[in-house]
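Here are my notes for someone opening this one for the first time. Have the viewer ready and go through the points in order.

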Amino acid sequence: MRFLVAFSVFCFAQVSQATFSTSIGQHVYLSQAAIDFGSLSPTNIALLIVLGIVAVLVLAWGIRRSVLRRRLASSRAERHGTAGSGTATNLLARSRPEKTELIRTIVIGSEGDVDVKFVNEGVSSRHAELLVLRQVDSSPLMPLEPVYYIRDMASTRGVEVLRSGDWMQFHADVVLDDEQLRIGEVETTAAEINRLAVETRRATNDDEMAH
């Protein structure tokens, strides 16, 4: 998806330059669009430079994000191995990732003072805790997606993640934003839990301001 955005910006820059050249009486093919900067106005040149910088940043962000996701998946595979015959596998708890800082803590449960509530018989009152982390080497120009670290809070049914077609049970681990999680009998994702928590807190703040 990010590659398509970068490619679209690049194509737009090429088409724009070809259009500018044509408007001043020159017939220029896209493959030749970058050869005659002398005929362009400073404004057009500045626009093309900005579009080019944006395209490079978007492409670099996409590549960096993809590399980090592959590295994360590879490190988890080396640590935990693969699931067995389709049954839940008990995994050792993985410690919180290094070089990260906490954005928010989300407590998941079925009752009481929790951030995300799932009313389900399989969900304990305080079932699990999701830490939304920021990588410390993330920059404003190339922000990285949050790191999600979820740990069980001594629940009855535990926490499971779907990997390689098998549900794997664990005590604590890093999960990708779109990996399927099972909390009790509720199937969700870390990104969905984070979204629900943000919406709940926003609604609570609005209610407090209204009163």
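1. Start with Glu 129 and Arg 151, which form a salt bridge with their closest N and O atoms 2.7 Å apart. Glu 129 sits in strand S4 and Arg 151 in strand S5, so this pair links parts of the protein 22 residues apart in sequence. With 15% relative accessibility, Glu 129 falls under the 20% cut-off and therefore counts as buried. Arg 151, at 31%, counts as partly exposed.

2. Keep in mind that you're looking at a predicted model. The mean pLDDT of the protein is 75, and 64% of its residues reach 70 or more.

3. Now the overall layout. The protein has 3 helices and 10 strands. Going along the sequence, the pattern is α-α-β-β-β-β-β-β-β-β-β-β-α. Of its 211 residues, 37% are buried. Among contacts between residues at least 6 apart in sequence, 53% join residues at least 24 apart. The exposed surface comes to about 12600 Å², with carbon and sulfur atoms supplying 57% of it.

4. Which strands make up the open sheet, and in what order? There are 5 of them, arranged S3-S2-S4-S5-S8, with mixed pairing. Strand S3 (116-117) and strand S8 (172-175) are the edges, each pairing on one side only. Helix H3 (residues 190-210) packs on this sheet and touches strand S2 (100-109), S3, strand S4 (128-135), S5 and S8. The direction of H3 makes about 85° with that of S2.

5. S2 and S4 run antiparallel and are joined by 8 bridges; Thr 100 stands opposite Gln 135 in S4. S2 and S3, on the other hand, pair in the parallel sense over 2 bridges, and here Ile 108 has Val 116 in S3 as its bridge partner. Strand S5 (residues 147-152) pairs with S8 in the antiparallel sense over 4 bridges. In that pairing, Ile 150 has Asp 173 in S8 as its bridge partner.

6. Back to charges: how many salt bridges does the structure hold? The count is 9. One of them joins the side chains of Arg 201 and Asp 115, at 3.3 Å from N to O. Arg 201 lies in helix H3 and Asp 115 in the loop between S2 and S3, so the pair ties together parts 86 residues apart in sequence. Arg 201 is partly exposed at 32% relative accessibility, and Asp 115 is partly exposed at 22%.

7. Helix H3 also has a local pair. The side chains of Glu 199 and Arg 195 meet in a salt bridge at 2.6 Å, N to O. Both residues lie in H3, 4 residues apart, about one turn of the helix. Glu 199 is partly exposed, with a relative accessible area of 38%, and Arg 195 is partly exposed at 37%.

8. Last one to look up: Arg 163, Asp 173 and Glu 179 belong to one network, joined by salt bridges that share partners.

Methods
Residues are numbered from 1 along each chain as its sequence is written. This is a predicted model: local features need pLDDT of at least 70, side-chain atom pairs count only at pLDDT 80 or more; totals for chains, interfaces and linings use all residues. Side-chain values use heavy atoms; hydrogens and water are left out. Two strands pair if DSSP finds at least two bridges between them. Contact means heavy atoms within 4.5 Å. Axes are lines fitted to C-alpha atoms, for helices over the stretch in contact, and angles run from 0 to 180 degrees between N-to-C directions. pLDDT is the predictor's confidence in each residue, from 0 to 100. Buried means under 20% relative accessible area, exposed over 50%, partly exposed in between (1.4 Å probe, protein chains only). Accessible areas come from the Shrake-Rupley method with a 1.4 Å probe; for residues, only the protein chains shown count as cover. A salt bridge is a side-chain nitrogen of Lys or Arg within 4 Å of a carboxyl oxygen of Asp or Glu.
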